[in-house]
Amino acid sequence: MARPDKAAAVAEMTEDFKSATATYLTEYRGLTVTSMKQLRRSLGADTKYSVVKNTLTKIAAKNAGVDLSDDLLAGPSAVAFIKGDAIDAARNLKNFQKENPLLIIKGGIYEGKFVTTAEIMKLADLESREVLLAKLAGAMKGSLAKAARSFDALRIKLEAGAPASAPVVETAAEVAVSEPEALAEVAEVPAQVETTEEVVATETPAETPAE
C-alpha cells in the first residue's frame, strides 16, 4: 500500500475508533467471502465491519487514544466499529459465531474500556436499551391506568352519595424504575474469564490482507 493510501487508511480508522460506541476485534481465518458478507449483513447498517492491517490499526488506535494489546492484533484481523447499540452488535456476533465457529472474537473496547471475549459474550446476553425502555414505558403505563381506575371508582361512589375516602394510588414514579436505573445493567461489564478457543479452519478462507 502506498504511503498516501496508508495515511488515508489510518485517518479513517482513527475517526472510526473515536466515533464508535464500541469496537470488537475478530479473527476471520477460514471464513469464506460469502460468510463475511453474511456477517456484515447480520451486524446491520450501523456497524462497519472491515478487514484491516494490524500495523495500521495499531497506529490508528493510538491516534484515537485507544490502547490495544498486541494479542488483539495477531493473525488476520477484522474490526467491527459499532455506531449503534453495542449490545445488539455483541449479540449478533455471538449468534453468528454459533453458526460459524471459525469466527474468533478476540476482545474489544466498550465504553472506553478493554473487554475480553467472555465479557463480550456477557454483553450479548443483556437486554438492549430499546427493550429496557419498552419495559419502563410499560410499567409507567400500567401505573397510570391503575390510578385512573382508582379515581374513577371514587367518582362513582361520590355520585352515588356514598362516603368515600381518597384512594391510595401509587404514582408512576413509585412503580416504574427510572431510566438510569433500568439501564444500569447495560453498563455493567462482568469479570474477565477465559477467551474463545481458536478453531481449526475447515472452510475455504477469505483473502488475507498483507501486513
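**Chatting through a predicted model**

Colleague: Where does glycine 75 sit?

Modeller: Glycine 75 is in the loop between α3 and β3. The labels are DSSP runs numbered from the N terminus, with helices being H or I of at least four residues and strands E of at least two. Bear in mind that this is a predicted model: local features need pLDDT of at least 70, side-chain atom pairs count only at pLDDT 80 or more, and totals for chains, interfaces and linings use all residues. Residues are numbered from 1 along each chain as its sequence is written, and side-chain values use heavy atoms, leaving out hydrogens and water.

Colleague: What does glycine 75 touch, sequence neighbours aside?

Modeller: Setting aside neighbours within four places in sequence, glycine 75 is in contact with Glu27, Arg29 and Asn54; contact here is heavy atoms within 4.5 Å.

Colleague: Glu27 and Arg29, hmm. What do arginine 29 and glutamate 27 form?

Modeller: A salt bridge, with the closest N and O atoms of arginine 29 and glutamate 27 being 2.9 Å apart. The rule is a side-chain nitrogen of Lys or Arg within 4 Å of a carboxyl oxygen of Asp or Glu. Glutamate 27 is buried at 4% relative accessibility, whereas arginine 29 is partly exposed at 45%.

Colleague: How many salt bridges come out by that rule?

Modeller: Seven. In one of them, glutamate 12 meets lysine 48 at 2.4 Å, N to O. Glutamate 12 belongs to helix α1 (residues 3-19) and lysine 48 to strand β2 (residues 47-52), so this pair ties together parts 36 residues apart in sequence.

Colleague: How accessible are the two partners, glutamate 12 and lysine 48?

Modeller: Glutamate 12 comes out at 44% relative accessibility, partly exposed. Lysine 48 is partly exposed as well, at 28%.

Colleague: Which helix holds both arginine 91 and aspartate 88?

Modeller: That's α4 (residues 86-99), where arginine 91 and aspartate 88 are three residues apart, about one turn of the helix. Going beyond that pair, salt bridges with shared partners join Glu12, Asp16, Lys48 and Lys83 into one network.

Colleague: Switching topic: how much space is in the largest pocket?

Modeller: About 160 Å³. Grid points are joined across faces, edges and corners, and the volume is the space filled by probe spheres set on them. A pocket, on a 1 Å grid over the protein atoms alone, is an open set of points where a 1.4 Å probe fits, with protein on both sides within 12 Å along at least five of seven lines; lining residues have an atom within 4 Å of a point.

Colleague: Which residues line the largest pocket?

Modeller: Among them are Glu12, Asp16 and Lys48, along with Met1, Val51 and Phe81. Elements α1 and β2 each supply at least two lining residues. By class, the lining has seven nonpolar, one polar and four charged residues. For those classes, Ala, Val, Leu, Ile, Met, Phe, Trp, Tyr, Cys and Pro are nonpolar, Asp, Glu, Lys and Arg charged, and the others, Gly among them, polar.

Colleague: Back to loops. Where is valine 66?

Modeller: Valine 66 is in the loop between α3 (54-63) and β3 (77-82). Valine 66 is buried, at 16% relative accessible area. Beyond neighbours within four places in sequence, valine 66 is in contact with Phe17, Ala61 and Ile109. The C-alpha atoms of valine 66 and phenylalanine 17 are 7.6 Å apart, though 49 residues separate them along the chain.

Colleague: And leucine 102, where's that?

Modeller: Leucine 102 is in the loop between α4 and β4 (104-110), and is buried at 6%. Its C-alpha is 6.0 Å from that of glycine 30, 72 residues away in sequence.

Colleague: Last one: how many helices and strands are there?

Modeller: Nine helices and five strands. Of the 211 residues, 39% count as buried.

Terms used:
Buried < 20%, exposed > 50% of the residue type's maximum accessible area, 1.4 Å probe, protein only.
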